[in-house]
Each structure stands twice: as C-alpha cells, then as structure tokens.
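Please keep the sequence and the coordinates at hand while reading.

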Amino acid sequence: MSDLPNGLTYAQSGVDIDAGAALVEAIKPLAKATRRPGADGSLGGFGALFDLKAAGYDDPLLVSTTDGVGTKLRIAIDAKMHATVGIDLVAMCVNDLLAQGAEPLLFLDYFATGKLDLEVAKSVVAGIAEGCKMAGAALVGGETAEMPGMYGDGEYDLAGFSVGAVERDGVLPKLDKQRAGDLIIGVGSSGPHSNGYSLVRRVVERSGLAWDAPAPFAEGKTLAEALMAPTRIYVKSILPLLQSGRIKGGAHITGGGLIENPPRCIAKGLVPEFDWNAWPLPPVFAWLQDVGGISDHELRRTFNCGVGFILVVAASDAEPVLAALLNADEDAFICGQLVAG
C-alpha cells in the first residue's frame, strides 16, 4: 500500500499511540517494584502468568474481584488530585478478596480517557503500584484506552481487577461454624473510602464550600484533601488472622454500608446486632450528616461510618484477634454480636 495524499492518521482522530507507548515505558519500573513469588513476568505481553505452586499453595481455589473508584474520581479530577485514587482502586478489589479468605496475588487496571495526559496517567498508575505493594499483589498488566469523544477534557475513568487464592479449607465465610453469641469486631476506616461520593458531593454543594476551603472536620486540610483520604488496605493486618483459623466470617464495608454488607457473611437464622455506641462516629460522617440532614439509617446504609471491615469470631477468640489487630496499628473494637434472627 502506498501513502495517499491528505490521508488521515490515528493521531489526527485524537489517539496518540506514541503517548500510550511512552506511558507503558514509564510505568514498567512501577510494576517491577510489585513483583512477588509466582509473578515474574514483564509488561507488554497479551496476558500475565502466575505460578500458584511458586506462591506456596497446595490445594487452592482462585477468587476474582473487580471494582472502580466511583464518583470520588470527580473530586480527584476537579481538585487535580490524582496521586491516591490508584490506592482506592486496589483497595476496593483486594479487600473484597479478604472477605472470601483469599490472599491477593495479582492486579490489573483499566484506565480510560478522552485524551491521554501522560503526567496524570503516571500519577494514577503510581498510586496503583503503591496500593499493590501495600496489598502484596503483583501489578501484572492493564489497559490504557484513549477514546476521543467519550470523555470531557481532563476526564478519565478507572476499573480494577484482582485475583487471589485461598486453600480450599480456608474459604470464608464459615457459615456452619457461626453461632448466636459470636462477636463482631470492627476495623476502623480512613473515611468514606470509595463509597457514597455522589451523596458526599451533594452535601458539599449544599455547604457552599469550595474544594480548596479548609475542611470543617479535619484541621490543617482542605476539603478535597480530607475527602480524598485513600481507602484503607487491610491485607497485611487481616490476612494472618484469616490463616490462623480464628475468623468465621468477614465483610468489606462498601456500598450499602453497615446495613447491607454484614448479612453477606452471616449464616441464615442469624443477624448482626450492632452496638452503635461502641465507637465514636468519625468527624467526617458527623459533618456529612449534619450538613446534609441525613438520617441515621440512611447514613448507615450509605457509608461505613468508621468501620471499613468487620470480622466474625467466637467470643473466646475476640481478645487475641483484637490484640493482633491493635499490634498491626489498626483501630479495632467489638461493635456487636450475632443473634438469632
């Protein structure tokens, strides 16, 4: 084929292949820093291999999760704060793996935008790599999609995909072992994490505050900085407890808050009974409730209210589990129990 005069190019249609290639080269060192036993490949192939035997598993089941960051991205884009949304992306996937008893092994990301901004994309992927290191998962690949006309100037969207493994006898929840009187241990959150941000943004709109205004509930931070606190990744503190055999169930408190998520890890015939006075409502949620006029029930079914993860344990195991969590620098407390439904 010969070149045609006045022929169109992909770049003229709005897609810069060279920028995409430059991004791949820029993030290769970030991905390399997340290598772990079982994952030793490099970016650039059509798929990623993982060696479960090298990771130390005998009779494993694979667990897969996928999630995004939701409209928290709107704040990141409007406030030009891109460094931590990658941590959010990883957290939303790997914490779900923990709820099934699984260890995160590998992670892939999908970054979609109208026009690729190399510096923004590098900042986002650096956050993803940091989240992977926090979770002990290898960043084995991903996809960058430049789609002119699909997104406004400076806008992008994210999706994450993670795979974990759990020995067959370690799968959670252990519904057959749960009993009335088992205790619920709450593990503290860092804020709203990555849920309820459509409501958060409506409350901020009602408050009349700009993103760079001082946060009324967090001294020394702007409103955007306070609300962009990244989702806590619980892998290093909770995974050893899962492997100890003391945990009967676990739930990552995401969309649906403390109303919808806990029943997903609890046996039929039992219901969670929370002591709502067992922990103080963090200031960010008190501010959202006050300014938004949000009822207690609506708050609890939208946000984590300071509890990012729950664990179900026998009463006799509560003390050692709490001690291990506190020793791992988690804010942990007994927040309820299972009762006959």
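What follows takes the helix pairs in turn and then the single residues.

This is a predicted model, in which local features need pLDDT of at least 70 and side-chain atom pairs count only at pLDDT 80 or more, whereas totals for chains, interfaces and linings use all residues. Residues are numbered from 1 along each chain as its sequence is written, and side-chain values use heavy atoms, with hydrogens and water left out. Helices (H or I, at least four residues) and strands (E, at least two) are DSSP runs, numbered from the N terminus. Two packed helices are described by the angle between their axes and the distance between the axes.

**Helices α3 and α4**

- The axes of α3 (residues 85-99) and α4 (residues 118-135) come within 6 Å and cross at roughly 40°, the axes being lines fitted to C-alpha atoms, for helices over the stretch in contact, with angles from 0 to 180 degrees between N-to-C directions.
- That angle makes α3 oblique to α4, on a scale where angles under 35 degrees are roughly parallel, over 145 roughly antiparallel, 65 to 115 roughly perpendicular and the rest oblique.
- The crossing of α3 and α4 is right-handed, a term used if the near helix is turned clockwise from the far one by less than a right angle, with left-handed used if anticlockwise.
- On the α3 side the contact (heavy atoms within 4.5 Å) is made by Val85, Gly86, Ile87, Leu89, Val90 and Val94, and on the α4 side by Val124, Gly127, Ile128, Glu130, Gly131, Cys132, Met134 and Ala135.
- By class, this contact of α3 with α4 has 10 nonpolar, 3 polar and 1 charged residues, where Ala, Val, Leu, Ile, Met, Phe, Trp, Tyr, Cys and Pro count as nonpolar, Asp, Glu, Lys and Arg as charged, and the others, Gly among them, as polar.

**Helix α3 itself**

- The 15 residues of α3 reach 22 Å from first C-alpha to last, close to the 21 Å expected at 1.5 Å a residue, the expected span being 1.5 Å times one less than the number of residues.
- Of the 15 residues of α3, 14 are buried, so α3 is largely enclosed by the rest of the structure; buried means under 20% relative accessible area, exposed over 50% and partly exposed in between (1.4 Å probe, protein chains only).
- Just after α3, glycine 101 takes a positive phi of about 90°.

**Helices α5 and α9**

- The axes of α5 (residues 197-207) and α9 (residues 283-292) come within 9 Å and cross at roughly 60°, and the two helices are therefore oblique to each other.
- α5 passes α9 in a left-handed crossing.
- Val200, Val203, Val204, Arg206 and Ser207 of α5 make the contact with Trp287, Leu288, Val291 and Gly292 of α9, and these residues divide into 6 nonpolar, 2 polar and 1 charged.

**Individual residues**

- Tyrosine 197, found in α5, is buried with a relative accessible area of 2%, and, neighbours within four places in sequence aside, is in contact with Thr71, Lys72, Ile75, Pro192 and Leu227.
- Asparagine 195 has its place in the loop between β5 (183-188) and α5 and counts as buried at 14% relative accessibility.
- Asparagine 195 and methionine 92 are 103 residues apart in sequence and 9.6 Å apart in space, C-alpha to C-alpha, and Met92 is among the residues that asparagine 195 touches.
- Alanine 267, in the loop between α8 (257-260) and β7 (270-274), counts as buried at 10% relative accessibility and, neighbours within four places in sequence aside, is in contact with Leu175 and Gln178.
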